Amino acid sequence: MSISLNVNGQDLRLDIEPETPLLWVLRDELGLTGTKFGCGVASCGACTVSVDGVATRSCVMPISALEGTKIRTIEAEPDRITAALQAAWVQLQVPQCGYCQSGMIMAAAALLRSNPKPSDADIDADINNLCRCGTYQRIRAGIHLAAQQLNGSASA
């Protein structure tokens, strides 16, 4: 099957089996290894990427469903939201082992695009990615800091 899609701003045409999950296209065909394999059943969120602005679990998303979509991975040139999240992650030292963090940042970016001032409850309801290190408090703090910086209310 030949499919056209845009990955991180680059238009691509790939010849690939239609049932191949997006995760393996990104990692094995395109060499974009920032997106991680976690559970393989869309439960943990380590494989989260953005598909047309929506946080999507790439481990169960067949490539055949993505014709003409725009896909962003953690390797994309940061936009203002992902740049604010990455800066907050560094400032607050959010990651522990870091394995799940690319998926967390992609999920957090989708949340901030739809809700620029999320409450704790909004974050808890929307970000259901798993972190085996248990850094959920720091993840929540990082999302709040990024939101404050994006809304111009964070102190330096």
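This is a predicted model: local features need pLDDT of at least 70, side-chain atom pairs count only at pLDDT 80 or more; totals for chains, interfaces and linings use all residues.
Residues are numbered from 1 along each chain as its sequence is written. Local features need pLDDT of at least 70, side-chain atom pairs count only at pLDDT 80 or more, totals for chains, interfaces and linings use all residues, and side-chain values use heavy atoms, with hydrogens and water left out.

Helix 2 (residues 80–91) packs against helix 5 (residues 136–150) at an angle of about 130°, and their axes lie 8 Å apart. That makes helix 2 oblique to helix 5 (angles under 35 degrees count as roughly parallel, over 145 as roughly antiparallel, 65 to 115 as roughly perpendicular and the rest as oblique). Among the residues that meet here are Ala-84, Leu-85 and Trp-89 from helix 2, and Ile-139, Gly-142 and Ile-143 from helix 5; contact means heavy atoms within 4.5 Å. The residues of this contact comprise ten nonpolar, three polar and one charged.

The C-alpha atom of Met-104 is 7.4 Å from that of Thr-48, although the two are 56 residues apart along the chain.

Thr-20 belongs to the loop between strand 2 (10–15) and helix 1 (22–29). A polar atom of the Thr-20 side chain lies 2.9 Å from the backbone oxygen of Glu-17.

Terms used
Axes are lines fitted to C-alpha atoms, for helices over the stretch in contact, and angles run from 0 to 180 degrees between N-to-C directions. Helices (H or I, at least four residues) and strands (E, at least two) are DSSP runs, numbered from the N terminus. Ala, Val, Leu, Ile, Met, Phe, Trp, Tyr, Cys and Pro count as nonpolar, Asp, Glu, Lys and Arg as charged, and the others, Gly among them, as polar. A polar contact is a pair of N or O atoms within 3.5 Å; within protein, one must be able to donate a hydrogen and the other to accept it, and residues adjacent in sequence count only if both atoms are side-chain atoms.
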